Amino acid sequence: MQDTYQTLVGLLLPEGILDYFELVTVAQSQTGLDIYLEEKNIAPAGYENQRLESKGFLPEISIQDFPIRGHKVALRIKRRRWEVLESKTIITRDWNLVQKGARMTTEFGTFLKGIFG
């Protein structure tokens, strides 16, 4: 049954978003649906061989997405941040690099560019 839900969620959200974000919860409010997503704890490109420690999330942002069955949809997104243990620097995923990747659709690339610049 989990695969069925994963397929359905994948069709409702911007294509490719589940590669980088985990669905946390969905809440229905008076204004529509709030879909909460958190960035997965996967090392950003270029840091795969370094020791990283997750340091929580940046402040949540809200993005309006396409309506679903007449309900407004807000994606509530939390981006992760990590500390590079050797240098004690804080890093986040470079979404401009992700957008240039071959696995990303134009729709998802445009979506990310709109969110993170």
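Helices are DSSP runs of H or I with at least four residues, strands are DSSP runs of E with at least two, and both are numbered from the N terminus. By this rule, the protein chain has three helices and seven strands, and their order along the sequence is α-β-β-β-β-β-β-β-α-α.

The model is predicted, so local features need pLDDT of at least 70 and side-chain atom pairs count only at pLDDT 80 or more, while totals for chains, interfaces and linings use all residues. Residues are numbered from 1 along each chain as its sequence is written, and side-chain values use heavy atoms, with hydrogens and water left out.

Of the 117 residues of the protein chain, 31% count as buried, that is, under 20% relative accessible area with a 1.4 Å probe, protein chains only (exposed is over 50%, partly exposed in between).

In soluble globular proteins, nonpolar side chains tend to be buried together.

R93 lies in the loop between β7 (89-91) and α2 (95-100). R93 counts as buried because its relative accessibility is 7%. Its side chain makes a polar contact with the side chain of E39 at 2.7 Å; such a contact is a pair of N or O atoms within 3.5 Å, and within protein one must be able to donate a hydrogen and the other to accept it, with residues adjacent in sequence counting only if both atoms are side-chain atoms.
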